[in-house]
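Me: I have a new model on my screen, and I would like to learn how to read it. Could you walk me through it?

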Amino acid sequence: MIKALWNDPVWSKVIATVLIGVFTLIGTLLLGLWPLLISALLGAWNWIISDIKLPLWFFMLLLGAAGFLFLAIFSNALENYRLKHKDTPPWKDYTSEHFFGARFEWQWSHNNTPKNLLPLCLQCDAIMTKYDTSAYMVSPTLQLICENCGYKGVEIEGTETDLNRKILIQVELRMRQLNKGHQHHKEGN
Ligand SMILES: [Zn+2]
């Protein structure tokens, strides 16, 4: 079938032109050389209506090149897709949560622990200050207060170290839950 078409002087050139057109199109898309595409198509048309016969090896060469090109593009796209979905654990996006009347933000360190815990005001998003409110009390307490808008978080029993520990426990717990859900999802696939 292809051989019969190839032996036809017009069809063989149409096939060759389509293949060359694909190369040119990709080239122009990559390099933005649209005038090249137009001149290539015009040249191809003149070539099709001429009556020079093409050798079969030329067709095979084009076909092989086309196959190679598609394979290269396909594997490149596949690699990009893989990189994009490369086992990014879902908890890496988990960097904010409400605790003690404030919104805490943090980053994940290289050994997968939250770092740079930052309390932010629920009303104006400013960084809140930790106030020691234990002046007349036996046990230490503190409170997060926004100096920008005056918003106050709930009073927390314990020191700043206690506060950070309580938050880290919650974050770590949630992180493990997210991780479990992720593993489950992966096994389901
Ligand atoms: Zn505020």
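Reply: Happy to! This is a predicted model, in which local features need pLDDT of at least 70 and side-chain atom pairs count only at pLDDT 80 or more, while totals for chains, interfaces and linings use all residues. Residues are numbered from 1 along each chain as its sequence is written.

Me: Where is confidence lowest, and where is it highest, in the protein chain?

Reply: pLDDT is the predictor's confidence in each residue, from 0 to 100. Where it is low, the predicted coordinates should not be read in detail. The protein chain has an average of 83, with 90% of the residues scoring at least 70. Helix α1 (residues 2-7) is lowest, with a mean of 69, and β2 is highest, at 95.

Me: How many helices and strands are there?

Reply: Helices (H or I, at least four residues) and strands (E, at least two) are DSSP runs, numbered from the N terminus. The protein chain has five helices and six strands, in the pattern α-α-α-α-β-β-β-β-β-β-α along the sequence.

Me: Which strands form the open sheet, and in what order?

Reply: Strands of a sheet pair through backbone hydrogen bonds, either parallel or antiparallel. Two strands count as paired if DSSP finds at least two bridges between them. Here the order is β1-β2-β3, with antiparallel pairing. At the edges, β1 (96-99) and β3 (114-120) each pair on one side only.

Me: How many bridges join β1 to β2?

Reply: Four, and β2 covers residues 102-108. To see the pairing on screen, look for S96, which stands opposite E105 in β2.
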